[in-house]
Amino acid sequence: MIQSSKRITIVTGHYGSGKTNFAVNLAVDFCKAGKKAVLVDLDIVNPYFRSADFKGLLGRMGIEMICPTYANTNLDIPALGADIYSVFRKDDSRSVIFDVGGDDAGAAALGRYAKLIQEEAFDMLYVVNRYRYLTRQPREALEVLREIEAASRLAATGVVNNSNLGGQTTAQDILDALAYGRSVASLAGIPLVAATAERRLAAQIPDPAVYPVDLYVLPPWEEKKLPF
C-alpha cells in the first residue's frame, strides 16, 4: 500500500495514463487498511470512462463516491454538485481521493478548489505511462505535468509510473519502463512514489517501488472477476 499521512490525495495525469484505475485501487487499499475513504470523480472532460463507473462496486465496500451531476446517464452534462464541498470540512476524517480529468483541460476543474485544498496538507500524484502517445519520453511527460500544475494551481508531490499496455502487459514491459518513471520524477524534482504492476505480474518484478494493483477496467460481463 502507498503510505501517506495526507488526508487528501489527488490523482492526475495524461489522458489514458491509467489514472482512474490507480485511483480506484488506492480507494480500495485505503478501505482495506481500515480508513474511511471517499473517491471524488472530478473528470468532467471524459464521459466514457471514469471512476463513477464503479460506484456500485465501491459502494458495496463502504467507499463513498462523489460524482458529477448526470454521471452515467444520457444527459452527461459536466456539472459538479455542492456535495463536493463536504470533503473540505475541518472535522472530516475521511481519506479523500480526487480522480482528475486528463491533462490541463481536466486539471482546470481542480483549480477551482485549489485554495480549499491548500488549506491542509495534500499529495498530488502525477500518473505517467511510457506507452501512451505524447508522454513516451520523460521530457514530454514533464511538459504535460507543468501544464497540469499551471491549470490546477497546485504542485505535484510525487510520480506514479503506471506504464502498461492494458491486458496485454507483460512483466518485461514494466521492467523496461522502470528507468522511465525514475527519469520523469528526477526531471520534475519530486519522488517516484510507486511503479504499478498488475497483481499477477508484480511478483515477477524485483523492484522495491512496485505497487501491486488490480485491473478494474473490465467490461460488465467480466465484473464477476473483480476481487470484491
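Guide: Arg199 and Asp214 form a salt bridge, with their closest N and O atoms 3.2 Å apart. This is a predicted model, in which local features need pLDDT of at least 70 and side-chain atom pairs count only at pLDDT 80 or more, while totals for chains, interfaces and linings use all residues. Residues are numbered from 1 along each chain as its sequence is written, and side-chain values use heavy atoms, with hydrogens and water left out.

Visitor: Why is the contact of Arg199 with Asp214 called a salt bridge?

Guide: The term requires a side-chain nitrogen of Lys or Arg within 4 Å of a carboxyl oxygen of Asp or Glu. The closest N and O atoms of Arg199 and Asp214 are 3.2 Å apart, so the pair meets that definition.

Visitor: What parts does the pair of Arg199 and Asp214 tie together?

Guide: Arg199 lies in helix H7 (residues 199–202) and Asp214 in the segment after strand S8 (210–213), so the pair ties together parts that are 15 residues apart in sequence. Helices (H or I, at least four residues) and strands (E, at least two) are DSSP runs, numbered from the N terminus.

Visitor: How do you know whether Asp214 counts as buried or exposed?

Guide: Buried means under 20% relative accessible area, exposed over 50%, and partly exposed in between (1.4 Å probe, protein chains only). Asp214, at 15% relative accessibility, therefore counts as buried, whereas Arg199, at 40%, counts as partly exposed.

Visitor: What makes Lys6 and Asp123 a salt bridge?

Guide: The side chains of Lys6 and Asp123 meet at 3.4 Å, N to O, and so form a salt bridge. Lys6 lies in the segment before strand S1 (8–13) and Asp123 in strand S5, so the pair ties together parts that are 117 residues apart in sequence. Lys6 counts as partly exposed at 28% relative accessibility, while Asp123, with a relative accessible area of 13%, is buried.

Visitor: How are Glu149 and Arg146 placed in helix H5?

Guide: They are three residues apart in helix H5, and are therefore separated by about one helical turn. An α-helix has 3.6 residues a turn, so residues three or four places apart point the same way. Glu149 and Arg146 also form a salt bridge, their closest N and O atoms being 2.8 Å apart. Glu149 is buried at 15% relative accessibility, and Arg146 is partly exposed at 37%.

Visitor: Which residues form the negative surface patch, and what makes it a patch?

Guide: The negative patch is formed by Asp104, Glu140, Glu143 and Glu147. Patches are made of residues with over 30% relative accessible area and no salt bridge, like charges being joined within 9 Å and nonpolar side chains (Val, Leu, Ile, Met, Phe, Trp, Tyr) within 5 Å. Glu140, with a relative accessible area of 32%, is partly exposed, and so lies over the accessibility cut-off for a patch. The largest share of the patch, three residues, comes from helix H5 (residues 138–152).

Visitor: Why is helix H1 called mostly covered?

Guide: In helix H1, 12 of its 14 residues are buried, among them Phe22, Val24, Leu26 and Phe30. Helix H1 (residues 19–32) reaches 20 Å from its first C-alpha to its last, close to the 20 Å expected at 1.5 Å a residue, the expected span being 1.5 Å times one less than the number of residues.

Conventions: Accessible areas come from the Shrake-Rupley method with a 1.4 Å probe; for residues, only the protein chains shown count as cover. Lys and Arg count as positive and Asp and Glu as negative; His and the chain ends are not counted. The place of a charge is taken as NZ of Lys, CZ of Arg, CG of Asp or CD of Glu.
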